[in-house]
Amino acid sequence: MVADDIRSWGGTVKAQHFVSRPSWREQLPELLARKEGRSVLGIGLRRSYGDSGLNPDGSLIDMTALDRVISFDPVTRLLRAEAGIAFDSILELFVQRGYFLPVTPGTRFVTLGGAIANDVHGKNHHSAGTIGRWVRRIGLLRSDGTEIELTPDDPTGLFAATIGGLGLTGLISWAEIELLPIESAMMEAETIPFANLDAFFAVAAESDDVTHYTVAWVDCLARGDRLGRGLFSRARHAPLGARLTKQVKPRLSMPFAMPGFMLNRTSIGWFNSLYFYRGRQAAGPAITPYPPYFYPLDAIGHWNRMYGSRGMYQYQSVVPPGTARDATREMLETISKAGEGSFLAVLKTFGGVPSPGLLSFPQAGTTLALDFPNKGQLTLDLLNRLDDIVREAGGRLYPAKDGRISASMFRAGYPAWETFANHVDPAFSSAFWRRVSQ
């Protein structure tokens, strides 16, 4: 066990941790037994933006070396693998065989255990729900030395607490998920420009019933009649086409953190305007390999460095259908007026497929995700104003993206948090959990 300084993906939190890096699952019980009085948390590829994957002055168990496939049944499509296997590796192994992840977030550099702990969602939430709906078994190690095999029909509630449980119910050592059959590694995609927020809701409603994957980029600095303008992308797996035999690794990388002064209202406004007009010129149907459709940011290594040495906050909310239109409009107006815009503003409608986890983020409604360069109190004040809008609308924030949510805001959005707390392993903790539960 070594002492390391670990930084959040957003770059706003850095703290010392005592880190263990096991190579075999058989080592895990011993690591949990010799915690030396410190709390513990399992970690993967550390793509959580805030502090849900940090445990300052506590112990971390880095699971990334536990990345082996245990078994795969091509009839049932059930893949059992160690928790540290990356989605990137699963795709590299199985796309060429005609299988795909049932749900994937916007990066393939996330571990299986991390995806389950955050109950990740993707562009197909309206039809497939979250990754938790596709989990069939979980191997969970508790700090008292017991190893439990959990299934969706678990009567104790521990399965529901572990799905989306932020790694707090114990250490996920392995999991079994059902893969999706595909005929091609290519995507039939279409880009549709929309002029404003009302147009977004119209094309989203039309698309959910006719395509598997939907998402939109929105110009969060546009105002007036153009408020909420953007580019809507929808796609499905192509029926026939080539299968990729290997992944395309990042060709570009941010070598250092960009100077903070380069990210301002003017530069973001220019980028957003150029991106919108270029997208409008390239609109229409296209056939594309799956990586650029699902993982555009993965093409740039260490892309988070573009936000400078002070890092950035990602803010992702969801508000229910009855308040979604007004609340989303108010959030975009607030952001535009503040001039604290984002290059990477994503807007999507979630479907009504229920998430299995007690702390799962998605619910029916509209989700807005944005990255804000960290400008200290100025940025925090804006996020607090957005909190007020989301809370009034009956919405909530995504713990995997959060680094500053208050306890009252968290509890308002997750009324099952006390039930969840009963399942938290007493030896497990995180900076996020200490902030919202005490």
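Rings of Phe, Tyr and Trp (its six-membered ring) count as an aromatic pair if their centres lie within 6.5 Å; planes under 30 degrees apart are stacked, over 60 edge-to-face and the rest tilted. With that in hand, here's one aromatic cluster to look for: Phe 100, Tyr 213, Tyr 290, Tyr 293, Phe 294 and Tyr 295.

This is a predicted model, where local features need pLDDT of at least 70, side-chain atom pairs count only at pLDDT 80 or more, and totals for chains, interfaces and linings use all residues. Residues are numbered from 1 along each chain as its sequence is written, and side-chain values use heavy atoms, leaving out hydrogens and water.

The protein chain has 13 helices and 21 strands (DSSP runs numbered from the N terminus: H or I of at least four residues for helices, E of at least two for strands). Of its 438 residues, 58% are buried (under 20% relative accessible area; exposed is over 50%, partly exposed in between, with a 1.4 Å probe and protein chains only).

The structure holds 16 aromatic pairs. One of them joins Phe 350 and Phe 361 edge-to-face, at 6.0 Å centre to centre and 80° between the planes. Phe 350 sits in strand E19 and Phe 361 in the loop between E19 and strand E20, so the pair ties together parts eleven residues apart in sequence.

| Residue | Relative accessible area | State |
|---|---|---|
| Phe 350 | 5% | buried |
| Phe 361 | 1% | buried |
| Pro 292 | 46% | partly exposed |

Pro 292 belongs to helix H8 (residues 290–294). Its C-alpha atom is 9.8 Å from that of Met 187, 105 residues apart along the chain.
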